[in-house]
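This report describes selected local features of one protein model. Please look over the sequence and the structure before reading on.

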Amino acid sequence: MLNAAITEIEASRATQLALALAKVARIDFPNNWPRLFHELAAAAGLGGGSQTTTHNGTAAAASASPTATMRGYLCVHHVLSELSTKRLSADRFAYTGACALLWPAAWEHWCHDMHGIIAHVDACFAGTTQETNAALVERWRLGLKVVRRLLLRGEADPEDDPDPNTSDARRLAEVTPILQSALEALIARRAAWRARSSTHPNALSTVLAWGPKKLLQTLGDAQVQYPHSSRRSVPGVLHVCFLASTSDDCLSADGGARIASLAMSYAREVASCSAYFSSSAWESAPTAATMHESSPTRFLMGIGDTEAAAADGGGGGGGTTSWRPFDVPTATQLIRAIIARHIALQSEDATSWLENAESYHHEQMSGGAGGSAAAADAQKCRASAEYLILSIVALHRDWASSPTLGASCGKTNHVAAMLTRELEEARAMIAKDASFGADGSPTETCMRLEAACAAVSACAYDLYDHVPFGSWLCEGDASILWMLALRGVGLGARALRRRACLAVAAWVADIPDESRAAVYAALLPSLVDADLAVSLAACHALNTLINDWGFNSADLLEGARAHIGGADAGATMVQALMGIVSRCEELDSHTLGIETLASLIDRLGPEAKPYCALLASVLPQAWALSAQQNILLRDRLLVVMRHTTCALGEASPTLHAIVLPAIWESTDPARPDDFLALAVEALRLWRAVLRSAPTASDDLLLLLPRLAVLAEMSTEHARSVLSLVESYVLLAGDAAFVGDGGRAICAVFHSMVGQLNDVGTGLMMRALELSVQAAPRGAVAALSGVLSRVIKLIASGDETDTVCGYAACVLSRVAFTAPEVGGGAAGLAALASASGVTGAWPKVVAIWLGQAYAGMADAPRRRLLALGALVLIVQRDASAWSVATPLSEALKQAARESGELPTAAGVSVERSVSFELYDAGGSGDDADDEGAEVGRRAALFAQDPANAPVLSTTRQALASLGNPPELAALQV
């Protein structure tokens with residue numbers, strides 16, 4: 001097969017044979033084909049003799065023809081690609097050995113071909129040759145792929161193997177400068193290629209468009225995989241980046257945007273690599289003399305040659321000047337260039353903005369583009385430029401703050417200072433430009449200010465102590481508020497308004513409290529701007545402000561009133577946000593508007609109540625339209641409904657006509673796509689509706705059967721379903737157990753008993769206990785089957801102490817229930833008889849004050865167990881009388897925990913926080929949704945017979961029985 005692959009003339013068949021050979025090699029190498037790579041090396045001219053023996057014993061001559069050599073390279077590439085995916089240690093070891101065998105010759109041949117390629121390209125441009133050497137180009141291309149495979153073996157992890165002295169790291173450190181030189185040579189010739197693209201298009205496209213991209217990918221991947229790979233060539237990184245990302249000729253040639261993006265990404269990887277520039281690297285550098293060789297950070301800030309030589313003790317020779325990788329002059333020159341070329345508005349941006357402002361905004365925000373490949377590459381360039389600027393600023397910030405090296409720069413981040421000066425200069429220039437494009441196309445000064453704002457905003461975190469945002473916001477030339485107040489319809493004014501909105505969002509944490517009302521007042525006109533790019537930027541800024549820790553509803557309403565000159569500020573904002581939703585077409589726009597609206601209602605809380613009627617008038621239409629777009633938009637609308645319900649409180653039934661159909665539709669398992677995406681948020685909305693409702697209306701009770709369906713499907717939503725059951729019982733009381741509602745609640749508990757883990761069973765038992773406590777007349781009768789299963793669960797003796805404890809709490813509630821409705825000792829005995837377990841009741845009573853009591857960690861629940869057992873004593877239950885001694889100990893402990901009896905010295909009694917949350921204020925989650933339910937729980941807690949004083953209750957119980965001697969142990 002190898003002989004056939006290297007002698008095949010037709011290219012497509014040769015590729016298929018090479019792929020087949022790679023599959024065979026995956027199975028046969030190394031055990032059945034140990035000399036595979038010797039044969040491949042000979043076939044590709046990378047070593048070995050003129051004749052090779054294949055693994056099946058046949059001889060194959062390794063021809064030296066160019067076609068055979070290319071086919072050999074093709075086979076090597078595909079075999080390496082296939083074997084590199086094997087992950088067993090033995091396979092990795094064999095693969096490493098093969099790479100070591102091929103590397104020297106492969107690297108030497110590729111370097112030779114690289115020189116030939118450069119000479120051939122120059123000859124083509126000079127006109128000394130009219131024909132392209134296709135064989136040379138193809139061999140060079142395949143050789144680069146092979147070299148890339150041999151370099152990036154996937155062995156080292158920067159976190160696991162940071163040692164720069166491993167063989168692979170040393171090899172990469174040696175070849176990286178050569179790869180950079182090859183890259184520079186190709187990039188330098190792209191300008192000439194642009195003018196001669198019609199000549200030899202295929203060959204030159206491979207060399208000058210594909211080659212730089214593949215080299216940059218190789219360098220970038222090597223930097224990520226082996227962080228020390230660029231330690232001998234760091235200065236060349238910014239040079240390559242500068243050439244690839246700022247030259248108009250290079251960018252205009254085929255693939256220029258993609259190459260620029262890769263170059264900036266490579267520079268960013270180096271700038272942010274801890275192997276060169278971390279504080280630990282600086283502080284671990286032993287001496288200034290060795291720093292020249294071990295780490296280039298000593299020369300980071302562009303110390304002059306004389307100063308650098310003196311700092312190194314006069315040594316370093318001619319290498320001092322070369323080790324200035326990210327010095328201030330180079331870094332600032334690069335940053336200024338990429339701001340002007342990639343951050344500033346370009347003619348293509350203006351065209352895209354004017355064609356579709358909404359799409360333009362989202363493309364700018366996401367760093368991608370939904371249009372052509374060229375547009376997508378341009379957006380990637382912008383994102384890469386922002387990340388590179390941020391990395392360089394952060395690098396110099398860390399360098400300036402280093403106790404070891406920061407003194408040489410006066411503890412000053414000069415790159416950050418440069419960005420600040422750039423902003424100030426741009427602000428000063430536009431103040432002198434009366435016609436900056438407010439009513440037309442943006443002028444150069446306008447674009448410079450917009451770009452400076454964008455760059456400074458991208459580095460907001462690292463510039464917080466350099467840019468006085470408070471003064472920039474309100475004072476001086478071209479302040480943020482001045483830009484927001486621009487009313488021109490030209491692209492220049494719109495660009496500055498949009499950039500001011502985004503600057504507010506980026507610097508939200510630095511906005512002074514006293515200026516926030518003014519910011520809100522300035523943002524609102526942009527929120528209703530005719531340009532959707534400006535409106536969406538203002539919406540983004542408003543959303544960021546609302547969700548900021550420093551949000552104050554008074555500032556928002558004050559600013560809104562200042563803008564509209566009236567009191568109905570909230571209604572204006574609601575209308576503006578809904579206007580964005582109605583004006584826009586894309587899902588991202590709708591989602592942004594709805595999320596901002598949800599955050600607004602949530603943060604305003606009860607203050608949003610006057611505006612909820614307006615919101616209710618537009619929600620039905622928004623819900624109907626969302627069905628035609630994306631399910632995620634419906635999820636956001638459910639959030640808006642929940643916050644609106646909470647804001648209305650007891651007036652929330654006015655929303656039931658909108659909200660309840662949405663809940664029913666979103667929790668329908670028959671619509672699996674909707675159910676999977678919306679069920680969680682719909683259940684939260686359902687809970688908020690129940691907690692806010694003042695009474696249980698018929699339309700609320702009609703939703704109950706859906707709970708049974710959800711519970712029977714799976715236990716995924718068990719917590720939410722049980723929480724809803726609690727809310728229904730607290731709201732409706734005994735009415736919740738009438739008709740279909742009672743059957744649904746019963747089905748919920750039946751589907752969960754014995755099916756959950758200890759945590760889930762605890763939640764289920766608490767919901768069951770609350771049902772018996774809040775609706776004793778309806779619950780005991782409707783849930784008799786469930787209660788019998790609980791008794792069976794305890795009597796089996798197979799459950800943990802924790803489960804038995806929670807189950808016994810349910811039985812204690814039944815004991816407190818009046819006998820005429822199925823409670824008390826008689827009711828419990830009847831339930832035990834129905835469980836089908838022989839002698840169930842005596843077993844249960846013994847576990848009640850034994851295993852169950854010992855497994856209960858909550859002090860109030862232990863009190864409940866003790867007083868519940870005391871009720872059985874009063875009702876002369878024989879099984880309870882037999883456990884009088886453990887009951888006496890339980891009552892004494894309860895009295896001590898409630899403070900009725902003194903505790904032993906050094907022993908503290910604390911009430912369980914989780915129990916307090918459950919009994920007095922709900923289950924502790926979604927506290928903002930609790931609404932009127934807090935009062936219902938508090939009232940139930942106040943009437944709880946388990947809160948009665950232990951000592952007096954026990955005395956009264958014994959007195960009612962005539963203080964029988966059999967119960968002498970209970971004389972607390």
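Which helices each supply at least two residues of the lining of the second largest pocket? They are helix 20 (357-366), helix 21 (373-401), helix 23 (444-458) and helix 26 (491-506). The model is predicted, and the values below are computed from it.

## The second largest pocket

The space in the second largest pocket comes to about 460 Å³. It is lined by 19 residues, and those closest to the centre of the pocket are Gln364, Met365, Glu386, Ala458 and Arg499. Helix 21 makes the biggest contribution to this lining, six residues.

By residue type, the lining holds nine nonpolar, six polar and four charged residues.

Helix 26, one of the contributing helices, is 16 residues long, and its first and last C-alpha atoms lie 22 Å apart, close to the expected 22 Å at 1.5 Å a residue. Of its 16 residues, 15 are buried, so helix 26 is largely enclosed by the rest of the structure.

## Helix 5

Helix 5 covers residues 89-126, which makes 38 residues. At 1.5 Å a residue it should span 56 Å, and the 52 Å between its end C-alpha atoms agrees with this. The helix has a kink of about 40 degrees at Trp103, shortly before the proline Pro104. After helix 5 comes Gly127, which has a positive phi near 85 degrees.

Trp103 also belongs to a cluster, in which ring pairs link it with Trp107 and Trp110.

## Aromatic pairs

A pair of aromatic rings is described by the distance of the centres and the angle of the planes. The whole structure contains nine aromatic pairs. One of them is formed by Phe469 and Trp472, edge-to-face, with 5.5 Å between the centres and 85 degrees between the planes. Both residues are in helix 24 (residues 469-474), and because they are three residues apart, about one helical turn separates them. Phe469 has 2% relative accessibility and therefore counts as buried; Trp472 is buried too, with a relative accessible area of 1%.

Trp841 and Trp848 make another edge-to-face pair, 6.4 Å centre to centre and with 80 degrees between the planes. Trp841 is buried at a relative accessible area of 8%, and Trp848 is buried at 2%.

## Backbone exceptions

Most residues other than glycine have a negative phi, and most peptide bonds are trans. Where does the backbone of this model depart from that pattern? The peptide bond that joins Phe29 and Pro30 is cis, with omega about 5 degrees. Pro30 is in the loop between helix 2 (11-28) and helix 3 (36-44).

Ala478 is not a glycine, yet its phi is positive, near 50 degrees. This residue sits in the loop between helix 24 and helix 25 (480-485). Asn963, also not a glycine, has a positive phi of about 50 degrees and lies in the segment after helix 51 (950-960).

## A buried methionine

Met641 is part of helix 33 (residues 631-648). Its relative accessibility is 0%, so Met641 counts as buried. Between Met641 and Cys612 there are 29 residues of sequence separation, and their C-alpha atoms are 9.8 Å apart in space.

How values were computed: Residues are numbered from 1 along each chain as its sequence is written. This is a predicted model: local features need pLDDT of at least 70, side-chain atom pairs count only at pLDDT 80 or more; totals for chains, interfaces and linings use all residues. Side-chain values use heavy atoms; hydrogens and water are left out. On a 1 Å grid over the protein atoms alone, a cavity is a set of points where a 1.4 Å probe fits but cannot get out, and a pocket is an open set with protein on both sides within 12 Å along at least five of seven lines; lining residues have an atom within 4 Å of a point. Grid points are joined across faces, edges and corners, and a volume is the space filled by probe spheres set on the points. Helices (H or I, at least four residues) and strands (E, at least two) are DSSP runs, numbered from the N terminus. Ala, Val, Leu, Ile, Met, Phe, Trp, Tyr, Cys and Pro count as nonpolar, Asp, Glu, Lys and Arg as charged, and the others, Gly among them, as polar. The expected span of a helix is 1.5 Å times one less than its number of residues. The bend at a residue is the angle between axes fitted to the seven residues ending there and the seven starting there. Rings of Phe, Tyr and Trp (its six-membered ring) pair if their centres lie within 6.5 Å; planes under 30 degrees apart count as stacked, over 60 as edge-to-face and the rest as tilted. Buried means under 20% relative accessible area, exposed over 50%, partly exposed in between (1.4 Å probe, protein chains only).
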